Each structure stands twice: as structure tokens, then as C-alpha cells.
Amino acid sequence: MKRTVLVSGGNRGIGLAIVESLAAQLDDILLLGCRNIKEGQERATSIGHNVHAVELDLSKNDVLHHHISSIMKKHGRIDVLINNAGVLYEGDALKLDESLFYQTMQINAMAAYELMRACLPGMIENNYGRIVNMSSGWGSFAEGLGGPFSYSVSKATLNALTHTLARQVPDTIKINAMCPGWVRTDMGGQDASRSPSEGADTAIFLTNLHNDGPSGRFFRDRKLISW
Ligand SMILES: NC(=O)c1ccc[n+]([C@@H]2O[C@H](COP(=O)([O-])OP(=O)(O)OC[C@H]3O[C@@H](n4cnc5c(N)ncnc54)[C@H](OP(=O)(O)O)[C@@H]3O)[C@@H](O)[C@H]2O)c1
């Protein structure tokens, strides 16, 4: 089956590694979500003929809705959604500017919810869908909700969305969350232990799950981990 795959934040870091890796599966059409469309188009062209840049800014819901409807008008149904884009701001709850908390919740969790809501009806109609939510061990209660306040709360919210939404869709649709490990990107820094393609590996695995595969679960290194 020829699938249309949308990757948010596909222009750099782990998202770019996901696009590059999936583009090698030549049957898939890759939509590289980005904010700077000119840069995104240059990236897409350099990766392959099955990669197309699409404008996808998650900062505000009205802009996001406009971008989602343009993408669907041009490319039709999304079969695979990878909610990868994310931000991380340092700061404890009482010291952080509250606008940064709301911005983090919007980009890391609410926009992922909006994208899932937009893509799920088409997936349900087609009896096929794969959604990968790029979370973090810092969003795991079992691992202690470490990391900066707004980041860990937003990723815990993304985990909760994954767990609950997966129960409310047919089992031909797989919605899972994952932690990529500590990855050498602008967010992870250059001392991180993993390359972007190592960080992308579990996402590729989850997009290729069979119909009897798991849903509503949390993964690292292709293995289940605790919420
Ligand atoms: N790196 C790690 O060690 C690590 C560990 C655990 C989880 N993660 C998660 O993995 C995902 C990717 O992280 P990364 O390390 O690749 O980060 P990164 O290199 O900083 O890239 C972040 C991506 O998100 C996009 N983005 C940020 N704000 C956006 C917005 N308002 N609208 C649309 N796109 C936006 C960026 O686009 P622009 O270029 O336009 O800014 C960029 O493509 C994130 O969800 C992160 O939380 C990373």
C-alpha cells in the first residue's frame, strides 16, 4: 500500500532522520512538516522525489488548522502521522514565564492532539493508520518525570493522550508513544549518546507495525517501557 506520511518538525534533528529513513521505503510519500517552507523544500528535494515540504506551524491552533486543511486538500488522507516537533525550555514551575509553559503545552501536546483529531477520521474510514507520538522518558511517571517542568508536564500529557486515544479508535489504527533516548540534535546537544538516525529507529519500527501490533503503549529501543 502506498502510504502518505506526515512528520512534524521534519526539517532537522530526529524528524529529518525519520523523513530520510522512511523516504528510502520508496512506496511511501513523505510530507516534511516545517515552518520555513523554502528551507523545507530544499531539504525535501535533496532527500528524494517522494518527499514534499509542507508548511506546518504548531504554535497557534488557527494557523495550524489552516495548514492542516491545505495539506489535506493537496495530498489527501494521511495514513501515518509522526508528531515529532517539540520544544524544551528550562525553568522550574514558579520561575518560568507562564507563557513559555503554555507555548510548550501547545507545541508538545495540544498540537499533537489537533493533528490526531484531523487525521483519525480518514484513517478510520480507510481501516489503516499509524500514529507515533515523540515523547520522552522525562514524560514518564515511572521514570520520575525528570527534566524541565514544562517539558515533562507536556510529554506526560502527550503520553496520556496516546494511552486514552488509542482505546477510542478501531484496532486497525495503532497510536503509540516513544522515547528516542538522548540524541545529538539542537535540543539534545552535541554530548548526547545517540545519532539522529538511532533516535529515529523506534519511530520507523512503530510506523511499520502490523495490524496485530500493539497500540496505546510507550516504547524505547523498540521495546515496551512503563508510563
Ligand atoms: N534530542 C533528544 O535527546 C530528545 C530526547 C527525548 C525526546 N526528544 C523529542 O524528540 C523530538 C525531536 O527533537 P529534536 O531533538 O530533533 O529537536 P530539535 O533538533 O530541536 O528539532 C525540533 C523540531 O521541532 C520543530 N518545531 C519547534 N517548534 C515548532 C513549532 N512551533 N511548529 C512547528 N515545528 C516546530 C523545529 O522546527 P524549526 O526548525 O522551525 O524550529 C524542529 O524541526 C521532540 O519532540 C523532542 O522533545 C528529543
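Predicted model: local features only at pLDDT ≥ 70, side-chain atom pairs only at ≥ 80, totals over all residues.
User: Why does Leu-58 count, when Leu is classed as nonpolar?

Analyst: Here a polar backbone atom of Leu-58 is 2.9 Å from a nitrogen of the ligand.

User: How much of the ligand does the protein cover?

Analyst: On its own the ligand has 900 Å² of accessible area, and the protein covers 92% of that.

User: Which residues come nearest to the ligand?

Analyst: There are 28 residues around the ligand, and Arg-12, Arg-35, Asn-84, Tyr-151 and Thr-185 come nearest. By class, this shell has 12 nonpolar, 11 polar and five charged residues.

User: How do you know where the ligand sits?

Analyst: The test asks for more than half of a molecule's atoms to lie within 2 Å of the grid points of a pocket or cavity. The space taken by the ligand is the largest pocket. Helix H1 (13-23) and helix H5 (149-166) are the elements that give two or more residues to the shell around the ligand.

User: What volume does the largest pocket have, and which residues are closest to its centre?

Analyst: Its volume is about 990 Å³. Of the 43 lining residues, Asn-84, Gly-86, Val-87, Thr-185 and Met-187 are closest to the centre. H1 gives the most to this lining, with three residues, while strand E2 (29-34), helix H4 (98-126) and H5 are also among the elements supplying at least two. The lining divides into 18 nonpolar, 17 polar and eight charged residues.

User: Why is another space called a cavity and not a pocket?

Analyst: A cavity is a space where a 1.4 Å probe fits but cannot get out, whereas a pocket is open. One cavity of 30 Å³ or more is counted. The largest cavity has a volume of about 40 Å³, so it passes that size limit.

User: What lines the largest cavity?

Analyst: Among the lining residues are Ser-8, Leu-58, Asn-84 and Met-134. H4 provides the largest share, three residues. By class, the lining has six nonpolar, four polar and no charged residues.

How values were computed:
Residues numbered from 1 in each chain as written. Heavy atoms only, no water. Near = heavy atom within 4 Å. Polar contact = N/O pair within 3.5 Å; in protein donor to acceptor, adjacent residues only side chain to side chain. Areas by Shrake-Rupley, 256 points an atom, 1.4 Å probe, with all protein chains shown as cover. 1 Å grid on protein atoms, 1.4 Å probe; cavity = no way out; pocket = protein on both sides within 12 Å on 5 of 7 lines; lining within 4 Å. Helix = DSSP H or I, 4+ residues; strand = E, 2+ residues; numbered from the N terminus. Nonpolar A, V, L, I, M, F, W, Y, C, P; charged D, E, K, R; others polar. Points joined across faces, edges and corners; volume = space filled by probe spheres on them.
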